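Here is a friendly walk through one model, beginning with a pair of strands and ending with the whole chain. Please keep the 3D view open as you read.

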Amino acid sequence: MPSETSTTKSYVEKPKTLDEMRRGIASGQVKAAEIAAEYYERIARLNPSLNVYLSLTKERALEQASKVDAAAARGDSLGPLAGIPVGIKDVLIMCGAPSTAGSKILKGYHPPYDATVVARLESAGAVLLGKLNCDEFAMGSSNENSAYGPVRNPVDIDRVPGGSSGGSAAAVAANMAVATLGSDTGGSIRQPASFCGVVGVMPTYGRVSRYGLIAFASSLDRIGPFAANVRDAATLLGVIAGHDVNDATCSSAPVPDYIAESDKAVEALRIGVPAEYFGEGLDPEVRERIETGIDSLREAGCTVKPISLPHTRYAIPTYYLVATAEASANLARFDGVRYGYRSPSSATLSDMYRHSRDEGFGAEVKRRILLGTYALSAGYYDAYYLKAQKVRRLLADEFLRAFADVDAIVTPTAPTPAFKLGEKTGDPLAMYLADIYTVTASLAGICGVTVPCGETKAGLPVGMQILGAHLDEAIAFRVARAVEAAQS
Amino acid sequence: MTAKVTLQDVERVAELANLELTRDETEGMLHDLDAILNYVDQLGELDTGSVAPLAQISELAGVGGRSSLRDDIVRPSLDRSVVMPEAPETDQVFFKVPKVIER
């Protein structure tokens, strides 16, 4: 691999495409084991500066790589991800490997089984390199809430990579993996992908099994891929999507051939542009890049229609009530009894719970547990949690109506490019607003793809978000391909 | 902006959530919760009297596919020998915790 130059973009490197890499392995030109070793070398070199990986699963990766090499040598047909180095966000569990969710409370935890997505990636031939840094329990928009220190943005290491899947986005941007998995509850795949200049996919709620995902907010959590290009992201989604008996919320709807779908032309597609996503707070340079991206869709033969989603401004308050309420319930399981951290000196059971949770959780996690507990507590349930669920219905209905007239909706992914480390840490509410364009789709359960759409004068990536109706990832991929094609 | 939350509220909620906060933490949380709850108050502008709450996306048409209920068949679960070593304190059969019952 080429060595880094001394420019501000010294850490950015585009990985080979899946096809290129697979062809090399299948033809015997290059060994999967050699590729894995090269990636581990690059990780060893860059990780001290970027803090992308929390732990490596070298033994398992090299074993898988030699299996792929043996299969290639025999001339067996290879899986769609044969020999491809992939990184896994640390909220997803791999049997026997540390899985911290970015929290001190899970330090030293070695889960006894694999997440469904982990098993599916490996069945397709992927070589899983290790576990990626993230905000604690996926709660954050900058990766600064990780108990193991923030990830640095490979484009500019003084800036955040976004969050919560900051490690997953940065790993692809810096070629420390060819592709990665992350999770998205309110924007945690799309916003960091946008900040780091890579492709990120939030599939429809229920499209991908969440068995083995450490839960944050169960009515919102999704698992999805990051990749350097749309086609590779579509390949990964095809591998991990589909029914799973171990997750009752997982949809049994058939999985289309996302690669073939993403290859289709966008001519005559109807693209909606919601005015509410281009108002106050949108960085002028981001607006300009997105408008140029929309022009390119028009040139590709799409019909661009202005639309209105008037309830959009209520999405952030709705999200922070629903998500924190569910988090307060989900995080009740961390009690120092069955796994994870236990405070060493407590005389009573009740003290042990309190001390373990107080010492194990970071400030943002505590803040959200408290807010969620408050919203669910007697006397406040109707005013906060129930009210938020009702507004959630209005937001979902608004999207359903919009998709009767358009095939996809395009918006900026985030209101600004990547901000500086420390810029928003003192003001939780300002940090929450970093998700202003992503949370509405999360609440509505629809799918979204973010694709690089130019950069600012300072060289910071801008992402365009393409939203598709429930289970219509195929359309989002098609539109994303067209935007991507216009960039080169 | 009027104060919505009192110090006692934060202490009560912390107790419900099994969190023990220091005095400093409690005051910080009081400030943050107050700001966030004042912000979410804007939901009150919407008349939701006739709107049914949306709790699960899979109830929306077509998302869930056919019934995702599986047959109730006994099948092996994780073995105790792989689960117990993850616990902070066990005798390999039971989880051990500080004494609960006084006698």
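## Strand pairing

Strand β9 (residues 408-412) of chain A pairs with β11(A) in the antiparallel sense over 5 bridges. Strands here are DSSP runs (E, at least two residues), helices are runs of H or I of at least four residues, and both are numbered from the N terminus; two strands pair if DSSP finds at least two bridges between them. In this pairing, Thr411(A) stands opposite Gln465(A).

Strand β10 (residues 447-455) of chain A also runs antiparallel to β11(A), joined to it by 7 bridges. Here Pro452(A) stands opposite Gly463(A). The hairpin of β10(A) and β11(A) has 5 residues between the strands, and Gly459(A) takes a positive phi near 85° in it.

## Two covered faces

How many residues of strand β11 (residues 461-468) are buried? The count is 8 of its 8, where buried means that 20 or more other C-beta atoms, placed from the backbone, lie within 10 Å of the residue's own.

In a regular strand, side chains alternate between the two faces of the sheet. One side of β11(A) holds Pro461(A), Gly463(A), Gln465(A) and Leu467(A), the other Val462(A), Met464(A), Ile466(A) and Gly468(A), and all are buried.

## The whole chain

Chain A has 16 helices and 11 strands. Of its 488 residues, 62% count as buried. Its C-alpha trace spans about 65 × 55 × 45 Å along the principal axes.

## About the model

This is a predicted model: local features need pLDDT of at least 70, side-chain atom pairs count only at pLDDT 80 or more, and totals for chains, interfaces and linings use all residues. Residues are numbered from 1 along each chain as its sequence is written, while chains are lettered from A and ligands numbered from 1 in the order in which they are written.

Terms used: Buried ≥ 20, exposed ≤ 12 C-beta atoms within 10 Å, placed from the backbone.
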